Amino acid sequence: MRLGQSGLHDRHGPAAGAKMSRLHDMGGRIGDGPLHPETADAPVFAKDWHARALALTLASGALGQWSLDRSRHQRECLSPQDYMRFSYYEKWLSGLADILVATGVLTTDELKAGRSLSSAPDLTQRCLKSERVQKALSSGGPTLRDSQTVAQFEVGDRVIVRRFGHNSLVAGGHSRLPRYARGAEGQVLNYHGAHIFPDSNAHGLGEAPEPLYSVVFLRSALWSGAEHPDDEVVLDIWQPYLQPASLAKSRTS
Amino acid sequence: MPHDSDPSHPHSLLPPDPALRVQALETILREKGLIDPDALAAIISTYENDIGPQNGARVVAKAWCDDGFRARLLADPMPLLQDLGFYGRQGEHMVIVENTAALHNLVVCTLCSCYPWPLLGIPPAWYKSDAYRARAVREPRRVLAEFGVSLPDSTAIRVWDSTAEIRYLVLPMRPPETADLDEVALCDWVSRDCMIGMGLPRAPK
């Protein structure tokens, strides 16, 4: 992909050369230090630019040029070096700059110049005005959808998470399945209906709703060294990542 | 910069200082007519002043005082939350999970920082930290101990990793010493941390 190329060629997600590093998928990682509690009166934003970064991200999102899934994937596509050295809002900000270019809203020349070099007449009508902010924030973006896909599992069913839980639609693509759950056996705790499938939606391939379940795992089924034998972890998992435990067992026996 | 010429990461063309980086992006977008500075101020003010843990605390206090509300909140919370005006971005599909003597709930997002914004506002730094994302699922009792919470062996922990668009709020157990308090007074006992599962209700200072 050349510098300055427009987002029209960006059908398969952020910058064809960029794949997510999976560094964001850090559940269960060892070696992080202690937590630092915050008092209730700590400011919501520690620095002014944190607030600006959040507001700019939300206001840019209102232009309607990308989905939440797509913007998450853009942050996951930061280089491993950047992902680890950037603070939280630096990741947001860099992801925002990258997605604005990838979708053709801004050009790399404009980022270099620090000013606008061309107008964007089509998009100005979508500019989020202050009087519309409350409505925009309070209307949200529900992800529940009607779907013809039959829910294969019921509450109480034993299921196994597919061992290769990566995105099967786009190589190196977005996925919301933490790797610590791959291959683990759990039990369906809740069914949430069909929800937008991020693996597809993050890459402009449609919402492709899939049945979504909360699946409960014994903590001891995920890692050794459980602190308590009854502790559990629940993940929300889309149907394509699940198979019946009985089927998996009969295959391996 | 190590990857100035990396076309897949245009952000490296912006100034390295993050405050200047925001300013540069904001300037370009404003000049293009795509950003209204007053809208940015309105967004910031909303999350600084209007939407925060005080919303979630009202829900918890109400559930503590009204068994019918509590039952409906656990079974189907969205109509109640919409009635209260606690609906919106990052709170479209809420599930309320109730702590009991046998089960303590804890909420995390190991993949990013998913959090029930309409009820709790913007997450605190520790919730978004690598340490919390990495450790909460694997060693919740050590993590809780760092926040001064110790649970008995008779209580199992259930950690909710918010990997989809379902958002979770913990309904803590009502402390027995609050039996005489009304809904308004109870709100002061409900901290943000206890609605994430990282604290227990405490008397206000």
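**Local geometry and overall organisation of chains A and B**

At a relative accessibility of 38%, A:Ala208 counts as partly exposed, the term partly exposed standing for values between those of buried residues (under 20% relative accessible area) and exposed residues (over 50%), with a 1.4 Å probe and protein chains only. The structure is a predicted model, in which local features need a pLDDT of at least 70 and side-chain atom pairs count only at pLDDT 80 or more, whereas totals for chains, interfaces and linings use all residues. Residues are numbered from 1 along each chain as its sequence is written, chains are lettered from A and ligands numbered from 1 in the order in which they are written, and side-chain values use heavy atoms, with hydrogens and water left out.

A:Ala208 belongs to the loop between helix 8 and strand 4 of chain A, helices (H or I, at least four residues) and strands (E, at least two) being DSSP runs numbered from the N terminus. Although A:Ala208 is not a glycine, its phi is positive, at about 40°. The loop that joins helix 8 (198-201) to strand 4 (210-218) of chain A also holds A:Pro209, a residue that is buried, with a relative accessible area of 19%. With neighbours within four places in sequence left aside, A:Pro209 is in contact (heavy atoms within 4.5 Å) with A:Arg145, A:Asp146, A:Ser147 and A:Thr149, and also with A:Ala194, A:His195, A:Ile196 and A:Phe197. Between the C-alpha atoms of A:Pro209 and A:Leu144, which are 65 residues apart along the chain, the separation is 8.0 Å.

In chain B, a positive phi, near 65°, is found for B:Gln90, a residue other than glycine. B:Gln90 is placed in the loop between helix 5 (77-84) and strand 1 (93-98) of chain B, and counts as buried, with a relative accessibility of 10%. B:Ala39, in turn, is part of helix 2 (residues 37-50) of chain B and is buried, at 0% relative accessibility. When neighbours within four places in sequence are left aside, the contacts of B:Ala39 are with residues of chain A, namely A:Leu128, A:Lys129, A:Ser130 and A:Val133.

Chain A contains nine helices and six strands, and its C-alpha atoms fill a box of roughly 65 × 45 × 35 Å along the principal axes. Of the 253 residues in chain A, 51% are buried. Among the contacts of chain A between residues at least 6 apart in sequence, 71% join residues at least 24 apart. The accessible surface of chain A amounts to about 11700 Å², with 51% belonging to carbon and sulfur atoms; accessible areas come from the Shrake-Rupley method with a 1.4 Å probe, and for residues only the protein chains shown count as cover. There are 28 positive and 27 negative side chains in chain A, and the centres of the two sets lie 6 Å apart. In this count, Lys and Arg are positive and Asp and Glu negative, while His and the chain ends are not counted, and the place of a charge is taken as NZ of Lys, CZ of Arg, CG of Asp or CD of Glu.

The domain assignment, whose bounds come from an automatic or database source, divides chain A into domain 1 (7-139) and domain 2 (145-252). The contact involves 16 residues from domain 1 of chain A and 19 residues from domain 2 of chain A. Taken over C-alpha atoms, the centres of these domains of chain A are separated by 27 Å.

Chain B comprises eleven helices and four strands, its C-alpha atoms filling a box of roughly 60 × 35 × 35 Å along the principal axes. Buried residues account for 64% of the 205 residues in chain B, and its accessible surface is about 7500 Å², of which 51% belongs to carbon and sulfur atoms. The domains assigned in chain B are domain 1 (16-48) and domain 2 (53-196), with 32 Å between their centres, taken over C-alpha atoms. The mean pLDDT of chain B is 95, and 97% of its residues reach 70 or more, whereas over residues 1-5 of chain B the pLDDT stays under 50.

Definitions and conventions: pLDDT = per-residue confidence, 0-100.
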